[in-house]
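This report describes a ligand site and a pair of aromatic rings. The sequence and structure follow.

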Amino acid sequence: MLLLGIESSCDETSAAVVRMEENKREILSNIVASQIEIHALYGGVVPEIAGRAHIEAISKITYRALDEAGVTLSDVDAIGVTASPGLIGALLVGVNFAKSLAFANNIPLIPVNHVKGHAAAAYFASNELQPPYLALVVSGGHTSFYNVRSYTDFEEIGSTRDDAAGEAFDKVGRVLGLPYPGGHEFDSLASKGKAGKVKLPSPAIPGDNFDFSFSGVKTASINYIHNLEQKGETVDRESFAADFTACVCSAIEKKAELAIKQTGCSAFVCAGGVSANSHLREALKKLCSKHNIPLYLPSLSLCGDNAAMIAAQAYYEFLDGNTADTHLNASPV
Ligand code: KG4
Ligand code: ZN
């Protein structure tokens, strides 16, 4: 089955063409137009600007994705679009564009949940991966564990109670003077630094749960940096990045281990922008090998927002009959 995916929930406009069969998953094209340069000026995503930039890009990006895949709309069997969660003005651009394409060309339309889409990026890592599995989606907007009971049935078993992990990387990165978004740069700084200088509060909520709170480590980090600056001292960015990264990774590892033990899962998926973090990937590889379960991580290009993951999830939603008509609306939550 040939699917066109469309993603516009935050600051990336993306369109992709994928071929999905029972035992084969293949990306024919996956075009991602990032708005990072526009938003970097403001140190974060400006929703109104994001919506306008999506409008300018979406048509071009979609036809580029079809061209690159060597197909036309008449070859497409279904169109999947991110309908929730995300910035409402941004989501509406993708949803209305996909609705028009589907209606004008008489193609089935499939609304996709962005978070399920992130987990679906892991299907391209292996044709073997299939539910049930335990998933951790860790991005700029989410940090949640899911018991994935079937391709479309996700039970959230734990989550952040405030900020997402990616948000903490970005906000602390901004205070450290890193370009927005800071996650990627943090990763390479941390590889050059040695952890052990600064003690930061753990984002793992104490007790028998799979929850996090990243606001404490974020505030403690910002206070630490400001304190040093007020004393006229400079922050050793590399060692600080190593400490911050170690603190975030060990909290995730701790909760992941608890979730692996308590759910008795037979496979683990970690996806979302922060799953590109090299230190987290290493920690999770060790953890899964200790518990003797396979770990599925999306390739680096599929960790962040992209439409191939949306098209992949759309395939399974389609098989479950989850299609929509022209009444489809976007939902921010
Ligand atoms: O999944 P994504 O593209 O968008 C959301 O759905 O939120 O995730 C973006 C987040 C940003 O916070 C970014 O800083 C973070 O992923 N990120 C990373 C790395 N690469 C991207 N965080 C830590 N280490 C990385 N290597
Ligand atoms: Zn995302």
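Which polar side-chain atom lies 3.3 Å from an oxygen atom of ligand 1? The atom belongs to His-114. The model under discussion is predicted.

## Polar contacts of ligand 1

A polar backbone atom of Gly-141 is 3.1 Å from an oxygen atom of the ligand, and a backbone N or O atom of Gly-183 lies 3.1 Å from an oxygen atom of ligand 1.

Taken alone, ligand 1 exposes 560 Å², of which the protein buries 86%.

Two or more residues of the shell around the ligand come from each of the elements α4 (114-120), α5 (165-175) and α6 (183-192).

In total, 20 residues surround ligand 1. Gly-140, Asp-170, Asp-187, Gly-273 and Asn-277 are the closest. Sorted by class, the shell comprises 12 polar, 5 nonpolar and 3 charged residues.

## Aromatic pairs

The structure contains 14 aromatic pairs. One of them joins Tyr-224 and Phe-240: the ring centres are 5.5 Å apart and the planes meet at 10 degrees, so the pair is stacked. The stacked arrangement follows because planes under 30 degrees apart count as stacked.

This pair links distant parts of the chain, with Tyr-224 in helix α7 (residues 215-230) and Phe-240 in helix α8 (residues 237-263). The two residues are 16 residues apart.

Note on methods
Residues are numbered from 1 along each chain as its sequence is written. Chains are lettered from A and ligands numbered from 1 in the order in which they are written. This is a predicted model: local features need pLDDT of at least 70, side-chain atom pairs count only at pLDDT 80 or more; totals for chains, interfaces and linings use all residues. Side-chain values use heavy atoms; hydrogens and water are left out. A residue is near a molecule or strand if one of its heavy atoms lies within 4 Å of it. A polar contact is a pair of N or O atoms within 3.5 Å; within protein, one must be able to donate a hydrogen and the other to accept it, and residues adjacent in sequence count only if both atoms are side-chain atoms. Accessible areas come from the Shrake-Rupley method with a 1.4 Å probe; for residues, only the protein chains shown count as cover. Helices (H or I, at least four residues) and strands (E, at least two) are DSSP runs, numbered from the N terminus. Ala, Val, Leu, Ile, Met, Phe, Trp, Tyr, Cys and Pro count as nonpolar, Asp, Glu, Lys and Arg as charged, and the others, Gly among them, as polar. Rings of Phe, Tyr and Trp (its six-membered ring) pair if their centres lie within 6.5 Å; planes under 30 degrees apart count as stacked, over 60 as edge-to-face and the rest as tilted.
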